[in-house]
Structure formats: C-alpha cells, structure tokens
Amino acid sequence: MAFEAIVKKQIVKLKGPSLKSVDLVMQELINTVKKCTKKLILQPPSGFAFHNFMEILTVKLANFPRLCEETERIVANHIREREGKTKDQ
C-alpha cells in the first residue's frame, strides 16, 4: 500500500510536464504539416528538369492550391483529435 501511495503521488507530479510535452509535440506536428503543404505549393523555376517522382508530384499539386489547403486542414484536424485522446489517457 505504501508503494501504491508513492506511485500515485509521482504520477500526479508527472501529469503537468507530460501534458506540456504533448502540447509541444502537437504544435511541432502542425508546424511540420504547414511547412510540407507550403513546399507543395511552390512552383519550380522555368526550365526545371524533373529528376524524380516527388518533383513531379510537387509541380502537379502546385496547380491545386485548394487541395493543398484542404490537405493541411484535414491533417491538422486529425492531429488535434488525437491530441484530446492522448491527454485523456
């Protein structure tokens, strides 16, 4: 019983820092999503030669800015939904 009481006190002490860590990770994930979608919107310079599939994909998605915005919104919302579930554990 004494061990259980000590462990419960330690869990209470760690809850605040754990939630702060979740907040920081979530913010970093959302920032990463924004950076990725901004990369997709960039147009390549004229005379740009395609060397791999990702370069081709970038150019094609650049033609659809609303798709990029919607992708960012959906992924960010998914991350925020998971944030709530993570904090409830």
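Trainee: How many residues does helix 3 have, and how far does helix 3 reach from its first C-alpha to its last?

Mentor: Helix 3 covers residues 65-88, which is 24 residues. Its span is 35 Å from the first C-alpha to the last. At 1.5 Å a residue, 34 Å is expected, and the model comes close to that. Keep in mind that this is a predicted model.

Trainee: Which residues make up the largest nonpolar core?

Mentor: A nonpolar core is a set of buried nonpolar residues joined through side-chain atoms. Here the largest one has 5 residues: Val22, Met26, Ile30, Val33 and Ile79. Helix 1, residues 2-41, gives the largest share of this core, with 4 residues. Ile79 lies in helix 3 and is buried there.

Trainee: What does the spacing in a helix tell me?

Mentor: An α-helix has 3.6 residues a turn, so residues three or four places apart point the same way. Now apply the idea to a pair in this model. Arg73 and Glu70 are 3 residues apart in helix 3, so about one helical turn separates them. Their side chains meet in a salt bridge, 2.4 Å from N to O.

Trainee: How many salt bridges does a search of the whole structure find?

Mentor: The search finds 4 salt bridges. One of them joins the side chains of Asp23 and Lys87, at 2.4 Å from N to O. Asp23 sits in helix 1 and Lys87 in helix 3, so this pair ties together parts that are 64 residues apart in sequence.

Trainee: How accessible are Asp23 and Lys87?

Mentor: Asp23 has a relative accessible area of 31%, so Asp23 is partly exposed. Lys87 is partly exposed too, at 30%.

Trainee: Which other partner does Lys87 meet in a salt bridge?

Mentor: The side chain of Lys87 also meets Glu83, at 3.4 Å from N to O. Both residues lie in helix 3, 4 residues apart, about one turn of the helix. Salt bridges with shared partners join Asp23, Glu83 and Lys87 into one network.

Trainee: Why does Glu83 count as buried?

Mentor: Check its number against the cut-off. Glu83 has 18% relative accessibility, and buried means under 20%, so Glu83 counts as buried.

Trainee: What does Glu83 touch?

Mentor: Leave out residues up to four places away in sequence. Glu83 then touches Val22, Asp23 and Met26.

Trainee: How far apart are Ser18 and Lys87 in sequence and in space?

Mentor: They are 69 residues apart in sequence, and 8.7 Å apart in space, C-alpha to C-alpha. Ser18 lies in helix 1. At 40% relative accessibility, Ser18 is partly exposed.

Trainee: What share of contacts comes from residues 24 or more positions apart?

Mentor: Count the contacts in the chain with a separation of 6 or more. Residues 24 or more positions apart account for 57% of them.

Trainee: Last feature. Which residues make a nonpolar surface patch?

Mentor: Phe3, Val7 and Ile11 make one of about 310 Å². Take Ile11 as the example. Ile11 lies in helix 1. Exposed means over 50% relative accessible area. Ile11 has 53%, so Ile11 is exposed.

Conventions: Residues are numbered from 1 along each chain as its sequence is written. This is a predicted model: local features need pLDDT of at least 70, side-chain atom pairs count only at pLDDT 80 or more; totals for chains, interfaces and linings use all residues. Side-chain values use heavy atoms; hydrogens and water are left out. A nonpolar core is a set of buried Ala, Val, Leu, Ile, Met, Phe, Trp, Tyr and Cys residues joined through side-chain atoms within 4.5 Å. Buried means under 20% relative accessible area, exposed over 50%, partly exposed in between (1.4 Å probe, protein chains only). Helices (H or I, at least four residues) and strands (E, at least two) are DSSP runs, numbered from the N terminus. The expected span of a helix is 1.5 Å times one less than its number of residues. Contact means heavy atoms within 4.5 Å. Patches are made of residues with over 30% relative accessible area and no salt bridge: like charges are joined within 9 Å, nonpolar side chains (Val, Leu, Ile, Met, Phe, Trp, Tyr) within 5 Å. Accessible areas come from the Shrake-Rupley method with a 1.4 Å probe; for residues, only the protein chains shown count as cover.
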